[in-house]
Amino acid sequence: MIITHQRGRGNKVHLLLDGEYTITTDINFWMDNYIIDGTDISEEEWENLVSGINYKKALNKCADFLSRREHSVKELKVKLMRTVDEESAQKAIDRYIEAGYLDDEHFCRSLVEYMINNKHCSLNHIKQECFKRGVARDIVERVLSDFEFDSVSVIVELLENKFKSKLLEDNGKNKVIAALQRKGFSYSDIKSAFYRLEDDEF
């Protein structure tokens with residue numbers, strides 16, 4: 001197989017085998033692994049080159065995704081595998097875990113704090129969100145054990161702020177109750193929150 005390269009836009013480099021485009025890398029990787037145009041390379045040499053390209057791509061993607069927000073290991077791997085193979089994705093993830101930039105417990109703690117303080121979610125909803133993002137049950141339970149969670153107080157705060165105007169609408173109370181239940185709050189906690197706000201029979 002004869003390898004050649006073409007410069008692309010920016011720092012991209014396109015690699016061709018026997019004159020046909022095959023894969024794209026960046027100028028830094030290519031300069032570190034440069035092969036003279038017209039070189040006849042073996043299948044093994046090509047596979048090693050592609051593996052290196054995909055690993056570098058996975059590392060760059062990790063840096064990009066993690067610069068935007070924290071991720072769990074699972075959701076980051078899912079995103080990486082949209083553009084690279086599983087082996088390259090896992091190698092990049094292992095590298096970031098080793099370097100301390102990827103930690104499910106730290107991610108879980110940040111997510112729980114955000115959902116409690118900013119989203120005012122129910123405990124059940126918080127758990128389901130953590131599980132959905134691939135955080136292990138034992139990590140979720142350990143993190144949640146460090147938080148004091150009063151569902152009734154959370155509901156009261158929502159009633160006094162987010163749902164205040166909706167309560168004034170026709171059939172507003174029933175609509176609010178339904179909305180709170182969709183957020184994962186139990187009927188008994190919702191009932192207690194209304195009792196805390198008013199003395200009328202629920």
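Student: Why is D64 called partly exposed?

Tutor: D64 has a relative accessible area of 30%. Buried means under 20%, exposed means over 50%, and partly exposed is anything in between (1.4 Å probe, protein chains only). D64 therefore falls in the middle class. Some housekeeping: this is a predicted model, where local features need pLDDT of at least 70 and side-chain atom pairs count only at pLDDT 80 or more, while totals for chains, interfaces and linings use all residues. Residues are numbered from 1 along each chain as its sequence is written, and side-chain values use heavy atoms, leaving out hydrogens and water.

Student: What makes R68 and D64 a salt bridge?

Tutor: The closest N and O atoms of R68 and D64 are 2.8 Å apart. The rule asks for a side-chain nitrogen of Lys or Arg within 4 Å of a carboxyl oxygen of Asp or Glu, so this pair passes. R68 and D64 both sit in helix α2 (residues 43-68), 4 residues apart, about one turn of the helix. A helix here is a DSSP run of H or I with at least four residues, numbered from the N terminus.

Student: And which exposure class does R68 get?

Tutor: R68 has 62% relative accessibility, so it counts as exposed.

Student: How do you know that E86 and K77 form a salt bridge?

Tutor: Their closest N and O atoms are 3.1 Å apart. E86, at 47% relative accessibility, counts as partly exposed, whereas K77, at 18%, counts as buried. Elsewhere, shared partners link R69, E75, E129, K132 and R133 into one network of salt bridges. One of its pairs is E75 with R69, at 3.1 Å from N to O. E75 is buried at 14%, and R69 is partly exposed at 34%.

Student: How many salt bridges does that rule give?

Tutor: The count comes to 11.

Student: Why are α6 and α7 called oblique?

Tutor: The axes of α6 (residues 123-132) and α7 (residues 137-144) come within 10 Å and cross at roughly 140 degrees. Axes are lines fitted to C-alpha atoms over the stretch in contact, and angles run from 0 to 180 degrees between N-to-C directions. Under 35 degrees is roughly parallel, over 145 roughly antiparallel, 65 to 115 roughly perpendicular, and the rest is oblique. The α6/α7 angle lands in that remainder, so oblique it is.

Student: Which residues do the touching between α6 and α7?

Tutor: L123, I126, K127, C130 and F131 in α6 meet R137, V140, E141 and L144 in α7, where contact means heavy atoms within 4.5 Å.

Student: What makes α9 oblique to α10?

Tutor: Helices α9 (residues 172-182) and α10 (residues 187-197) pack at about 135 degrees, with their axes 10 Å apart. That angle makes α9 oblique to α10. As for the residues, K173, I177, L180 and Q181 in α9 meet Y187, I190 and F194 in α10.

Student: Last one: what makes W30 buried?

Tutor: Its relative accessible area is 1%, so W30 counts as buried. W30 is found in helix α1 (residues 27-32). Leaving aside residues up to four places away in sequence, W30 touches I3, H5, V13, L15, T25, I35 and L49.

Conventions: Helices (H or I, at least four residues) and strands (E, at least two) are DSSP runs, numbered from the N terminus.
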